[in-house]
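Visitor: I would like to learn how to read a few features of a protein model. Could we take them one at a time?

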Amino acid sequence: MMDGGQPVPSPLVPLGNVSSDSSMSLEQKTTFVFVILLFIFLGILIVRCFRILLDPYRSMPTSTWADGLEGLEKGQFDHALA
């Protein structure tokens, strides 16, 4: 119980000093579009990650890094970059 008999303000009832204009400003619209684009990008990344997890060898190339080296054995790095 509140002392003084004042009614409790409800958060669902708009206050008198809040404007009744329901349209969004340009900044709010830009932010909303940016957030939607981020969610779309996140969805694409999630789908890509699940595809890689389900079939990890499909996206890997068939050749190895050592196929182009002629005079070196695999694992020898001495003077290979020079």
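Guide: We can begin with a charged pair. This is a predicted model, and in it Asp55 and Arg58 form a salt bridge, with their closest N and O atoms 3.5 Å apart.

Visitor: What cut-off makes that pair a salt bridge?

Guide: A side-chain nitrogen of Lys or Arg has to lie within 4 Å of a carboxyl oxygen of Asp or Glu. Asp55 and Arg58, at 3.5 Å, form such a pair.

Visitor: How many salt bridges does this rule give?

Guide: The count comes to 1 salt bridge.

Visitor: What share of the residues of the protein chain counts as buried?

Guide: Of its 82 residues, 1% are classed as buried. The accessible surface of the chain is about 8500 Å², and carbon and sulfur atoms account for 65% of that.

Visitor: How many helices and strands does the chain have?

Guide: The protein chain has 1 helix and 0 strands. Helix 1 covers residues 26-54, with Leu38 among them.

Visitor: Which residues does UniProt list as a transmembrane region?

Guide: An unreviewed UniProt entry gives residues 32-54 for this feature. In the model that stretch is 100% helix and 0% strand, with 33 Å between its end C-alpha atoms.

Visitor: Which residues make the nonpolar surface patch?

Guide: Phe34, Val35, Leu38, Phe39, Leu42, Ile46, Phe50 and Leu53 make a patch of about 830 Å². A patch residue needs over 30% relative accessible area. Leu38 is at 45% and therefore counts as partly exposed.

Key
Residues are numbered from 1 along each chain as its sequence is written. This is a predicted model: local features need pLDDT of at least 70, side-chain atom pairs count only at pLDDT 80 or more; totals for chains, interfaces and linings use all residues. Side-chain values use heavy atoms; hydrogens and water are left out. Helices (H or I, at least four residues) and strands (E, at least two) are DSSP runs, numbered from the N terminus. Buried means under 20% relative accessible area, exposed over 50%, partly exposed in between (1.4 Å probe, protein chains only). Accessible areas come from the Shrake-Rupley method with a 1.4 Å probe; for residues, only the protein chains shown count as cover. UniProt positions are given in the numbering used here, feature names are shortened, and annotations may be inferred rather than shown by experiment. Patches are made of residues with over 30% relative accessible area and no salt bridge: like charges are joined within 9 Å, nonpolar side chains (Val, Leu, Ile, Met, Phe, Trp, Tyr) within 5 Å.
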